[in-house]
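Trainee: I would like to go through the labels used for this model and see what each one rests on.
Mentor: Then ask about them one at a time.

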Amino acid sequence: MKKQKILCVLLAIILVSGISISSFATDNIQNTITNLNTTNSMNELNNEKEETEENLKRVNSQLEYVQGEMSATLLEIQRIDDKVREYEAENAKYATRLQELETSVKQTQEKLVVLTEDYNKKRTQLKNRLVALYEAGDIAYLDVLLAAESLSDFLSIYYIMVEIAEYDSNLIAKVDEQRKEMDIAKRKLENERSEIRVLKARAEQTEIVLRNNKTLQEGYIKELSEKEQKINSKIQEYKNEMMAIEAKIQQANSYNGELDIQYTGGTMIWPVAIAGTGITSYYGTREHPIAGVIRFHQGLDIGNTGFGAPVVAVLDGVVTYAGELGSYGNCVMIYHGNGITTLYGHGQAVLTQRGAQVKQGDLIMQTGSTGNSTGPHLHFEVRVNGSTTNPLNYVNAP
């Protein structure tokens, strides 16, 4: 079993790097297949079988030798590269958060200045009002009212006094409210400045680790043979492509905020509208023929579809992406509300367009093998606020 895994891994690596495997008994294997179809001699068949087994053993042995020469350094480079990318993504998040905080700090400071000025103004008004009342002495409101010479004067004086009392009351309330608002703004400012200090310290630490890992990675790369360097370059290209694709997906998800849709929580229907299909690869970690490239399968692969099978919207929604998307090939993304998005990949033809309103069961694509695909199937993802999740939490397999 271990030898079979090594054989699969290194055959894929050789194919990716453009190395011919004819020297590894391809001709002999092909001749064996031809002879098996043309001879009627049981002895010859047995002889050919034994010869084929010997050839495969020799191939396996040679590939194991190549694996021993190549894999340790390449795998270590990819392990370090994954860490480098994680640190870079982490620092990018720090930078974004720091920018948000610095903007918020600036806005809070400006708001605090306005609040303080208005607070001081109202507080001065209140102080002057209290001084005026104190200097006026002990004058009863009833005495003022009784000094009125007519009913009209009485009512006028009464309403003025009510307004003065109401003004005094509102002024006291506003001063108290602004004082509380200033306290909240000051605490917010203090918390944000504290978070900025922490984030800057973390970013500096991450940057140091990042530089050290890059230096270590460069050292390992210098040890690679020319053949290994080509393989490493292809793996890097693949990873960069996946990052670019993920950025496009996130950009499509950002379009969701403009759409007033509510996810009803209903069960999603099966995305391929023909009988006999099934899951050929599940969500989660899986082996991949190129070590260090893919460790996690972000959706379901639905096989036995053939070319041109109808792909349908699993729920009502709005199409946020429709077109070619790198290794996904022809791809459609549909937003269903509350951060829920579905993705359909490797289509033979896209039958919808961005911005289209779709209902559950509407035809949106035909199955195919575009992008990074070895045969006709549908790659189906469910994302929540941009992050993938197990589609089987939302859709029932047939």
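**Labels and the values behind them**

Mentor: Both Tyr344 and Phe380 are buried. Keep in mind that this is a predicted model.

Trainee: What makes Tyr344 and Phe380 an aromatic pair, and why is the pair called tilted?
Mentor: The structure holds one aromatic pair. Its rings, those of Tyr344 and Phe380, lie 5.4 Å apart centre to centre, with 55° between the planes.

Trainee: How do you know that the pair links distant parts of the chain?
Mentor: Tyr344 is in strand β8 (residues 340-350) and Phe380 is in strand β11 (residues 378-384), 36 residues apart.

Trainee: Why is Gln236 called buried?
Mentor: The relative accessibility of Gln236 is 16%. Buried means under 20%, so the label follows. Gln236 sits in helix α6 (residues 226-254).

Trainee: Which residues is Gln236 in contact with, leaving aside neighbours within four places in sequence?
Mentor: Gln236 is in contact with Gln78, Asp81, Arg85 and Gln217.

Trainee: What makes strand β6 largely enclosed by the rest of the structure?
Mentor: Strand β6 covers residues 317-324, and six of its eight residues are buried, so the description holds.

Trainee: How do you know that β6 pairs with strand β9?
Mentor: Two bridges join β6 and β9 (residues 357-358) in the antiparallel sense. Within β9, Gln357 is the bridge partner of Val318.

Trainee: How many bridges join β6 to strand β7?
Mentor: Six bridges join β6 to β7 (residues 330-337), and the two strands run antiparallel. In β7, Val318 has Tyr335 as its bridge partner. The hairpin of β6 and β7 has five residues between the strands, and there Gly326 takes a positive phi near 55°.

Trainee: What makes Glu88 and Lys214 a salt bridge?
Mentor: The closest N and O atoms of Glu88 and Lys214 are 3.3 Å apart. The cut-off is 4 Å, so the pair qualifies.

Trainee: Why is Glu88 called partly exposed?
Mentor: Glu88 has 35% relative accessibility.

Trainee: What makes Arg211 and Glu207 a salt bridge?
Mentor: The N to O distance between the side chains of Arg211 and Glu207 is 3.9 Å. That value is set against the cut-off of 4 Å, so the pair counts. Arg211 and Glu207 are separated by about one helical turn, because they are four residues apart in helix α5.

Trainee: Which residues do salt bridges that share partners join into one network?
Mentor: The network consists of Asp176, Arg179, Lys180 and Asp183. A search of the whole structure finds 14 salt bridges.

How values were computed
Residues are numbered from 1 along each chain as its sequence is written. This is a predicted model: local features need pLDDT of at least 70, side-chain atom pairs count only at pLDDT 80 or more; totals for chains, interfaces and linings use all residues. Side-chain values use heavy atoms; hydrogens and water are left out. Buried means under 20% relative accessible area, exposed over 50%, partly exposed in between (1.4 Å probe, protein chains only). Contact means heavy atoms within 4.5 Å. Rings of Phe, Tyr and Trp (its six-membered ring) pair if their centres lie within 6.5 Å; planes under 30 degrees apart count as stacked, over 60 as edge-to-face and the rest as tilted. Two strands pair if DSSP finds at least two bridges between them.
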